Amino acid sequence: MSDTPFPALDPLTEPPFSLGVASFDPLPNRVLLWCVVEGGGTCHWEIATDPAFFDVVGRGKVAAPADTGVVLVDAEGLQPGTAYWYRFTAQGKPSPVGRTRTLPAGADEHLRLGVTCCARFGESPFTVYGELARTDVDLVVHLGDYVYEDTKFEIEERRPEPDHDCVTLEDYRLRHAQARRDPDLQALHARHPMVVVWDDHDLADNAWAGGAKSHDEAEQGPWADRLAAALTAHQEFLPKRLADAADITSAWRTLDAGSFVRILATETRAHRDEQAGLDGAAPADDPQRTMLGAQQAAWLDAAAADPAPRWLVLVSGTVLSPLTIEAPQALDDILPEKYAVVDGRASNSDQWDGYLAERDRVTTALGRRGGRSIVLSGDIHSSWAIEGPCEPDGAPVAVELVCPPAATTPMGQLLPAGVGDRLGPALAHQIEHVRWVDATHHGFVVLTLTEDEALATWWWVDPGTTAATEVGRRWAVPAEGRPRLVDPEPAVAAADPDDEPPSPLSGRTARRWRQLAVAAGTAAAVLGIRRVRRARR
């Protein structure tokens with residue numbers, strides 16, 4: 001967090017701008033500015049170097065279509081590494097004022113990224129978003145599951161709109177609009193520019209190029225129509241500089257901050273093969289399996305291997321590093337499809353563990369780069385610090401930082417009292433190259449990149465309270481030498497996974513119960529098995 005106060009932002013969120021304002025995909029000399037004008041019409045925009053708009057450096061007018069009202073402006077001619085303020089006017093009314101920032105352009109700079117993911121509107125308030133809005137960062141990276149397509153909810157006042165799974169374009173538009181009316185999310189967008197990738201729930205649970213686990217063509221129509229609807233709404237509300245402007249599935253892109261940082265935002269749903277373990281799908285080790293598709297894979301191979309940028313930040317919706325655990329073969333018979341036990345190792349084929357050859361190719365490309373590479377990932381509702389992925393000899397080619405959920409239940413909170421706290425240490429103890437895991441907190445990550453190191457700070461936020469945010473953990477990544485995690489606070493010892501928490505049980509029964517609970521929790525964590533919550537009716 002920062003003690004530096006932000007200039008006040010106009011809290012007005014009334015028609016025709018009731019969905020707020022936002023900015024996306026900044027470059028050193030330009031940034032995308034966004035709003036929705038309800039009812040459409042002519043919309044004027046301007047951008048300035050000060051919040052009072054005395055020094056306006058760009059202005060213009062565009063037509064907001066009547067059906068969507070979406071306005072998107074690529075404001076050009078800006079200075080690198082500079083804060084700007086922007087606003088819109090339509091139907092005789094002003095929008096809220098937004099603040100954005102261009103990327104730096106020099107070789108010796110610094111950059112602060114706020115990282116977030118996984119926010120089910122109906123499950124908890126967006127308090128994490130509000131805290132990140134008040135944090136001093138240059139750019140927010142959203143790792144996906146910005147919206148959830150299903151109807152699960154825990155808070156009566158936050159029932160999903162529409163009241164059925166999103167299938168049509170109108171459905172997905174309504175779901176995005178509902179999220180954007182939340183004041184904490186509006187504040188996050190108004191204060192910081194954002195780079196977004198989508199993950200499965202932005203489309204449908206465990207989505208792939210040809211379908212999704214929960215999609216029923218007999219009731220919901222062709223998957224291709226649903227996929228197009230989800231991606232169209234996502235691009236309308238969260239615009240991206242597509243690799244091909246005519247192809248809405250081409251959401252991979254490069255955002256360069258001079259020669260200091262290169263951000264590679266990937267797309268891992270619309271072109272991927274069906275998850276291994278499903279009927280008819282090729283096994284995880286099939287060399288032809290792809291998560292990226294041929295065109296994106298070629299782009300990533302070249303971009304990830306380039307040694308020119310001081311730092312490389314690879315953005316992936318799902319975890320890139322291997323997350324497999326020892327498990328009895330009997331577990332295979334009770335796991336859902338796509339979760340498998342092979343040769344005594346259990347894995348989740350919805351992550352990169354299901355696309356082994358392509359992960360090896362990405363790892364090789366990062367190895368050619370020679371270090372100073374960081375992977376940002378999410379999806380598994382927990383926080384991880386990993387020295388990986390690794391080359392065949394075990395040498396890490398990058399460090400992976402996994403972001404906690406913003407508004408979905410952390411996996412450790414799904415376990416019995418006391419067991420969730422032990423889950424993180426148990427995972428770190430079980431999985432090679434994993435240095436630290438926390439499975440019980442909501443929050444976000446701040447990644448500060450400097451010439452000499454990258455410093456990752458996990459911030460914990462309790463969505464149900466207004467308590468101050470607290471530091472959960474810090475890890476440093478030196479710029480020189482092999483990719484590795486350095487504990488800046490070595491006096492803070494990790495809990496011993498063999499330590500037993502207090503329990504109302506006693507003796508051999510209690511110990512066995514706890515062992516089974518941690519084993520089950522570990523399997524759930526790695527395999528991504530989620531508790532099914534009953535929606536209130």
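The protein chain averages a pLDDT of 88, and 85% of the residues score at least 70. Here pLDDT is the predictor's confidence in each residue, from 0 to 100. The structure is a predicted model, in which local features need pLDDT of at least 70, side-chain atom pairs count only at pLDDT 80 or more, and totals for chains, interfaces and linings use all residues. Residues are numbered from 1 along each chain as its sequence is written, and side-chain values use heavy atoms, with hydrogens and water left out.

Over residues 1-5 the pLDDT is below 50, and this stretch has 6 contacts in the model beyond near neighbours in sequence. A contact means heavy atoms within 4.5 Å. For residues 493-518 the pLDDT also stays under 50. That stretch has 25 contacts beyond four places in sequence. Where pLDDT is low, the predicted coordinates should not be read in detail.

The structure holds 2 cavities of 30 Å³ or more. A cavity is a set of points, on a 1 Å grid over the protein atoms alone, where a 1.4 Å probe fits but cannot get out; lining residues have an atom within 4 Å of a point. Grid points are joined across faces, edges and corners, and a volume is the space filled by probe spheres set on the points.

Ala, Val, Leu, Ile, Met, Phe, Trp, Tyr, Cys and Pro count as nonpolar, Asp, Glu, Lys and Arg as charged, and the others, Gly among them, as polar.

The second largest cavity has a volume of about 50 Å³. Thr266, Leu292, Leu300, Leu314, Ser316, Leu320, Trp352 and Val362 form its lining. Of these residues, 6 are nonpolar, 2 are polar and none is charged.

Leu300 and Val362 also take part in a helix contact. Helices (H or I, at least four residues) and strands (E, at least two) are DSSP runs, numbered from the N terminus. Helix α7 (residues 294-305) packs with helix α8 (residues 356-369) at an angle of about 25°, their axes 7 Å apart. The pair is therefore roughly parallel, a term for angles under 35 degrees. Axes are lines fitted to C-alpha atoms, for helices over the stretch in contact, and angles run from 0 to 180 degrees between N-to-C directions. In α7, Ala297, Leu300, Asp301, Ala304 and Ala305 meet Glu358, Arg361, Val362, Ala365, Leu366, Arg368 and Arg369 of α8. The contact comprises 7 nonpolar, no polar and 5 charged residues.

Two peptide bonds are cis: Glu161 to Pro162, with omega near -5°, and Gly388 to Pro389, with omega near 5°. Pro162 sits in the loop between β10 (139-142) and α2 (169-180). Pro389 lies in the loop between β19 (383-386) and β20 (399-402). Arg372, a residue other than glycine, has a positive phi, near 55°.

Technical notes:
1 Å grid on protein atoms, 1.4 Å probe; cavity = no way out; pocket = protein on both sides within 12 Å on 5 of 7 lines; lining within 4 Å. Parallel < 35°, antiparallel > 145°, perpendicular 65-115°, else oblique.
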